[in-house]
Amino acid sequence: MAFKLADLPYSFNALEPHIDAKTMEIHHDRHHKAYTDNLNKAIEGTPQENMSIEDILKNVSKLSPAVRNNGGGYYNHNMFWEIMSPKGGDMPMGKLGDAIMDTFGTFTTFKEQFTAAATTRFGSGWAWLYKDKDGALKIGSTPNQDNPLMDVCEFKGTPLLCLDVWEHAYYLHYQNKRPDYIGAWWNVVNWQEVARRYAL
Ligand code: MN
């Protein structure tokens with residue numbers, strides 16, 4: 001098998017009360033597992049079996065929709081688990097904090113713009129904070145499992161922070177109230193991990 005489903009870096013209930021244990025269990029053990037399994041099926045016997053996920057996504061327009069959807073799902077969820085933490089919340093410090101202030105003016109403005117991107121994404125998708133090729137911080141949103149590493153994405157860059165706004169990420173606890181889920185999610189953002197990605 002080319003790609004493996006990694007364990008969550010914390011227990012299913014670690015992000016409560018903001019994200020409930022049952023949602024985390026189903027999201028990781030079923031949804032993320034399905035993306036991983038289906039990615040492996042889609043690349044079986046192809047050169048992509050020996051490539052990194054980043055290199056696969058970079059040229060995903062040349063590959064099947066199954067690789068785009070499941071490769072994106074595999075990458076995005078790996079990142080999503082890592083940019084959350086039971087010790088999260090608060091606000092970014094250091095160089096990332098400075099860059100957010102320089103770009104957006106205030107942390108509150110940044111949160112408002114990111115929240116707007118996540119709230120207004122129609123249907124299923126993701127909101128992103130990413131670093132473009134010039135090193136500038138940008139906010140965007142993508143449909144389905146697309147991400148800024150993909151050549152098919154309308155904006156491109158290095159993903160720093162991502163938020164899953166598929167209903168499977170929040171429906172059990174928040175039902176149709178996506179804004180409530182987004183509001184609670186800020187309490188579990190792992191800014192140390194976002195800063196680590198920014199420094200790469
Ligand atoms: Mn998801």
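A search of the whole structure, which is a predicted model, finds nine salt bridges. One of them joins the side chains of Asp 37 and Lys 33, with 2.7 Å from N to O. Both residues belong to helix H1 (residues 21–43), where they stand four residues apart, about one turn of the helix. Asp 37 is partly exposed at 25% relative accessibility, and Lys 33 is also partly exposed, with a relative accessible area of 38%.

Another salt bridge links Arg 197 with Glu 193, whose closest N and O atoms are 2.9 Å apart. These two residues lie in helix H8 (residues 191–199) and are four residues apart, so about one helical turn separates them. Arg 197 and Glu 193 are both buried, and salt bridges with shared partners join Glu 82, Glu 193, Arg 196 and Arg 197 into one network. A further salt bridge connects Asp 134 with Lys 133, and here the closest N and O atoms are 3.8 Å apart. Asp 134 is exposed, with a relative accessible area of 64%, and Lys 133 is exposed as well, at 78%.

We can turn next to the sheet. Strands of a sheet pair through backbone hydrogen bonds, either parallel or antiparallel. In this model three strands form an open sheet in the order S2-S1-S3, and their pairing is antiparallel. Strand S2 (137–143) and S3 are the edge strands, each pairing on one side only, while neighbouring strands are turned by 25 degrees against each other on average, direction ignored. Strand S1 (residues 125–131) and S3 pair over six bridges; within S3, Leu 163 is the bridge partner of Ala 127, and Leu 161 stands opposite Leu 129. Six of the seven residues of S3 are buried, which leaves this strand mostly covered.

Because His 77 lies in helix H3 (residues 65–82) and Asp 164 in strand S3 (residues 158–164), the pair ties together parts that are 87 residues apart in sequence. His 77 and Asp 164 are both buried.

Met 101 has its place in helix H4 (residues 94–104), and with a relative accessible area of 32% Met 101 is partly exposed.

Conventions. Residues numbered from 1 in each chain as written. Predicted model: local features only at pLDDT ≥ 70, side-chain atom pairs only at ≥ 80, totals over all residues. Heavy atoms only, no water. Buried < 20%, exposed > 50% of the residue type's maximum accessible area, 1.4 Å probe, protein only. Pairing = 2+ DSSP bridges. Axes fitted to C-alpha atoms, helices over the stretch in contact; angles between N-to-C directions. Salt bridge = Lys/Arg side-chain N within 4 Å of Asp/Glu carboxyl O.
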